[in-house]
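This report looks at charged side chains and how they pair. Please look over the sequence and the structure before reading on.

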Amino acid sequence: MTRRRSLLLFAAILSLSLTGMAQNGVRALVPALPDKLTDTDFWSLVAELSEPDGEFRSDNLLSNEIYLQTVIPQLVRASKLNRVYLGVGPEQNFTYIAALRPRMVFIVDVRRGNLHLHLMYKALFEMSRDRADFIFRLFSRKRPEGLGAKSTTGEIFTALYELYKATPEKEANDLLKQNLKLLQDHLTRTRRLPLTADDLKGIEYVYTQFSWFGPGLSYWSTGGGPRRLDAPTYWDLMVAEDGKGQNRSFLASEENFLVMKELHQKNLLVPVVGNFSGPKALRSVGRYLRDREATVSAFYLSNVEQYLDREGMRPVFLCNVATLPLDEASIFIRSVRNNAFGPGIGLESAVGNMPEEVKGCAPRQP
């Protein structure tokens, strides 16, 4: 057999194989969602998807959504595996992520300060072996003896509070400096992320607030408006429950904690700087996901729509969302104040069907 005939035969066999794969539902030559990202690819994705830094009225280091878990039973019933989660803001995303177990996560927020917050969390999740280790690193206190995998969230935070009160100021400041260096070294030397001086300063600012305010940190503790004594604290949010007596926070169990730790270890939680009604961030995320034939399971909005409505930009936002790969199971999670649980602290949560809400924006392409 001549070389030319051999090549023709190989090409024919390859063509038949690819045809058979397609007929059997296997898509050839289509990149799937990654099992993990290299550090270089992770940072490239952050940079490529992001828009310029924007502004918000507060630091938003912590949510004030004490009832955020009440929609989780509904989300879990409707969820499908191996999908993608989108969100905005700080730690409340972690509780939804722990419940939905997505394959990949994108947190899109208008402020670069939110990226600094999530980089701080990234380092702490990766450096911590369990929940107690994470909590004491987060608030920059020495972990006491006697806490383990079976310790409740309440027990861990009670121990933290007692230690927070008892630690002398100088000792606390020295430990903060030591932990900050370890955290920043992890990001810049272990992960080799090319963080700027401003990024490092932003991470330092965020981490310092957690050390200063301790488990009593609330949405109103730091910059952006008068402090409110009725706002839920970090401790309150971590021991809250779903309305049926079950605590579903990301620190409620070692299993929930490990969901977050694994995502970060694989570089699969990607913080993005972007405006929901901006020209790039959401549409770029949509393009990335469509190219990999992925589907969005849930998009947590907090109460961003309230600000979009004030600016007349909600239709633009919805048309940006329409470029995401959606199906009938894709769900909006939004924060509202409808007093369903009575007046008082914090926002409540509600859900909406994403395809139904964006169907006025067709075709669903960028």
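This is a predicted model: local features need pLDDT of at least 70, side-chain atom pairs count only at pLDDT 80 or more; totals for chains, interfaces and linings use all residues.

The side chain of Arg103 meets that of Asp35 in a salt bridge, with 3.0 Å from N to O. Asp35 lies in the loop between helix 1 (3–23) and helix 2 (39–49), whereas Arg103 lies in the loop between helix 4 (92–100) and strand 2 (104–109), so the pair ties together parts that are 68 residues apart in sequence. Asp35 itself is exposed, its relative accessible area being 58%.

## A pair on either side of helix 6

Another salt bridge joins Arg143 and Asp130, whose closest N and O atoms are 2.8 Å apart. Since Arg143 lies in the loop between helix 6 (131–138) and helix 7 (153–166), and Asp130 in the loop between helix 5 (112–127) and helix 6, the pair ties together parts that are 13 residues apart in sequence. Arg143 is partly exposed, with a relative accessible area of 23%, while Asp130 is buried, with a value of 12%.

## A pair within helix 7

Lys165 and Glu162 also form a salt bridge, and their closest N and O atoms are 3.7 Å apart. These two residues, Lys165 and Glu162, are three residues apart in helix 7, and about one helical turn separates them. Glu162 is partly exposed, with a relative accessible area of 43%.

## A network and the total

Salt bridges also link Asp39, Lys122, Glu126 and Arg191 in a network. When a salt bridge is taken as a side-chain nitrogen of Lys or Arg within 4 Å of a carboxyl oxygen of Asp or Glu, the count comes to 23 salt bridges.

Definitions and conventions
Residues are numbered from 1 along each chain as its sequence is written. Side-chain values use heavy atoms; hydrogens and water are left out. Helices (H or I, at least four residues) and strands (E, at least two) are DSSP runs, numbered from the N terminus. Buried means under 20% relative accessible area, exposed over 50%, partly exposed in between (1.4 Å probe, protein chains only).
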